[in-house]
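Below are some notes for a colleague opening this structure for the first time.

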Amino acid sequence: MAGDPAPPSKLAAQLEAIIAAKIASDKLVLPSMPAVAAKCLALLRNPAFSFKEASHLVEMDPAMTVQLLRLGNSAAFVARDPAKTVLQVVTRVGVDRLRGFLVESSARKVFQSTDPRIAQANAAVWDHSIAVAVLARDVMAFSTGGDPEYGYMGGLLHDIGKPVVASMLLDAERAVLAARAHAQWITSDEWIGVIRGSHRKVGLALSEKWDLPDPVKRCLKDCEEYDNTDRLSAANVVRFANALAKKCGFQLGPVDQEDNDALVMIGRSLLNLDDELVNRLAANLARAVKEQLT
Amino acid sequence: MPKILTVDDSRAVRMIVSRHASQMGFEVDEAEDGAQGLLKLEDEAFDLVVLDVTMPVLDGPGMLAKMREGGNQTPVLMLTSESKRSIVAGLMKLGISDYILKPFKPEELTAKMLKVLKLDQPPVASAAPASDSPIARDTAPVASHSAESSRPEAGKQFADIFVVDDMENVHKRLRTLLPPHLTIAAAQNGANALAACRERVFRVVLVDSDMPEVNSVALMRQMRLVQPHASFVLLALRSAGDVQAEARSQGFDGAMFKPFNEEGIEDFLMRFFDNQELVTLTENTMKMAAFKGKENRLQNYFTQVGTLAGKNLDDLAAACFAEAVMDISLLPPVNERVVRLVMDLAEHAKRVGVELRLVAGTELGRILSTYEETASLGLFPTVPEAQASVA
């Protein structure tokens, strides 16, 4: 594949093996979901939950409260009057969107870093993830009749292992250099190689820890090949959206164009999408991402 | 008549493709593996090869490679159960035109064969497969010009209005209030609305602001993707705020209030259906129609005329007309409104670089000449005189 990093050094291979071993033994330290989001998501799983209870939980996190009020009063929701309370917003946006908001808000924290290099790299991954998410949501709505929110969440989180691995590598680098100031560390290409080799497994482990819905977990598992046995699944939609987002320029590093075009072509047929719709989704993507990011 | 060769080791698949292509008016031949396919291609020319991947003797990629090596550039549509991207990427390198994954829907085969053959519709137009629509269709008697009219160029059924509202009564109520020649379709949830938007063409889409489990703004944006030429109107309850402005800020083209009343329906019709004759444009000459209606609709009339005339000025500027004649002689002589309209249009014309020649009757001419802002505008008693000044 074009742009593949050089073969990993011994140290890089060791790092990848350590991560794999920690996942296998359930000893990998993964970011926790913020307590309020975790409690609220748990509450939403109970069919007898009340909006009042959910809004009380959200109100325990001031930053989340502000974000949710902003969402409920954004142009994305039709309303006669501005929502002044969390309860009003929660009833306005509905359960599915609230669930999506909680996951998105938690994921956003994972992508934050105090290290400028990591922060910059994570920002690019976040933009790509938003592009995949908005495409997946629209494709779900048109092609599958499934819950578009699963497409959105799957798209948003499909690369969430990347910032987690990047953060682990940064911690490891700091520890090594603190012990031996002139120690050799892995190169940038090797760094990218370790992330590529590990991020799916780490993302999947995180999805287990966060107890994400099964259709979303499947989106994180594999983005390489379509699953013919479940054509209209959210995972296939995210695979297609990932390829189309890359084709539209929302990519991370070099992309094998022919390989990616093949994924788009297969996905169009697999998901029963006509060219006209795909072209419009592509043409609309930059604007949709900009809206989502603001 | 286009000739198609279907190459597949499955007799059932060959039969399906053959039957479908024949119904579309194509001539079809069959081969059961790549080697047979190559022999057929040596014997005669085809316009399209529909090719499987996995076959005995010589598989699809093998046949395609030999075709291209031999200089045969017949378009190839892959029809396969193979979805491994490395294999499809390899086929793309060999120059396939498109790809269909088995099992497939006849509609997809039709669309892709037509696309590869660069045809708008099959030679036998009736062959277009019918699909079950998830939407409620209006069964009221309709006038001939728009009655569920077929638009062969788009291959989709047309309806004037599409109502997306979870309350069935909304659609029914609208039917009783709107003129019978306007066709209405309806859907009561987001999924059916999106499915309908993929199948049909609408002129105006009305979207309820408050449907269970549906974000109306997100739904409108998704529908716009497949209905780029439609206008989208938010159906909202009356409230103290500026609902029209709010709706426009969210990307709608306007709002309409529920419950419907005569005034709202009249506004809606004037805006989206009856306003074509309010301002007519011939070459670079615009003519405003006379006002018909109740006195309290006058403001709306002037707003519509102003909007339409403004659009016409933009069109004239885009078509490189440096001058325009505007016949306002039939405008009702309501001093302030006429003066305001003329001032706005004169300013608009100046902005887009078009010089205005106004044609006003005696009374309107008198009104305009008494106001400082409009007195200096070029006024002419008749259209020919104004046109002569342009020449």
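A polar contact, as used here, is a pair of N or O atoms within 3.5 Å; within protein, one must be able to donate a hydrogen and the other to accept it, and residues adjacent in sequence count only if both atoms are side-chain atoms.

1. The model is a predicted one. By the rule above, 17 residue pairs are in polar contact across the interface of chain A and chain B, both partners being at pLDDT 80 or more. H12(A) gives the most, with 10 residues. By class, the side of chain A that touches chain B is made up of 16 nonpolar, 5 polar and 16 charged residues.

2. Extent of the interface. How many residues of each chain are in contact with the other chain? In chain A there are 37, and they meet 42 residues of chain B. The area buried between the two chains is about 3,500 Å², with 51% of it on carbon and sulfur atoms.

3. Salt bridges. The rule finds 7 salt bridges across the interface of chain A and chain B. One of them joins the side chains of Arg268(A) and Asp98(B), with N to O at 2.8 Å.

4. Asp8(B). This residue is in the loop between strand E1 (3–7) and helix H1 (11–23) of chain B. Is Asp8(B) buried or exposed? Its relative accessibility is 2%, so Asp8(B) counts as buried, the cut-off being under 20%. The side chain of Asp8(B) reaches the backbone nitrogen of Ser10(B) at 2.9 Å.

5. Cis peptide bonds. Most peptide bonds are trans, and most residues other than glycine have a negative phi. The bond from Lys102(B) to Pro103(B) is cis, with omega near -10°. Pro103(B) sits in the loop between strand E5 (98–101) and helix H5 (106–116) of chain B. Lys258(B) and Pro259(B) are also joined by a cis peptide bond, with omega about -10°. The place of Pro259(B) is the loop between strand E12 (254–258) and helix H10 (262–272) of chain B.

6. Positive phi values. Glu283(B), a residue other than glycine, has a positive phi, near 55°. Glu283(B) lies in the loop between strand E13 (279–282) and strand E14 (285–288) of chain B, and is exposed at a relative accessible area of 62%. Cys320(B) has a positive phi near 70°. The loop that holds Cys320(B) runs between helix H11 (298–318) and strand E15 (323–327) of chain B. At 71% relative accessibility, Cys320(B) counts as exposed, because the cut-off is over 50%.

7. Aromatic rings. Over all chains, the structure holds 7 aromatic pairs. In the pair Phe268(B) and Phe272(B), the ring centres are 5.4 Å apart and the planes stand at 50°, so the pair is tilted. Both residues lie in helix H10 of chain B, 4 residues apart, about one turn of the helix. Phe268(B) is buried at a relative accessible area of 3%, and Phe272(B) is buried at 11%. Ring pairs link Phe268(B), Phe272(B) and Phe273(B) into a cluster.

Note on methods:
Residues are numbered from 1 along each chain as its sequence is written. Chains are lettered from A and ligands numbered from 1 in the order in which they are written. Side-chain values use heavy atoms; hydrogens and water are left out. Contact means heavy atoms within 4.5 Å. Buried area is the accessible area (1.4 Å probe) that two parts lose on being put together, summed over both. A salt bridge is a side-chain nitrogen of Lys or Arg within 4 Å of a carboxyl oxygen of Asp or Glu. Helices (H or I, at least four residues) and strands (E, at least two) are DSSP runs, numbered from the N terminus. Ala, Val, Leu, Ile, Met, Phe, Trp, Tyr, Cys and Pro count as nonpolar, Asp, Glu, Lys and Arg as charged, and the others, Gly among them, as polar. Buried means under 20% relative accessible area, exposed over 50%, partly exposed in between (1.4 Å probe, protein chains only). Rings of Phe, Tyr and Trp (its six-membered ring) pair if their centres lie within 6.5 Å; planes under 30 degrees apart count as stacked, over 60 as edge-to-face and the rest as tilted.
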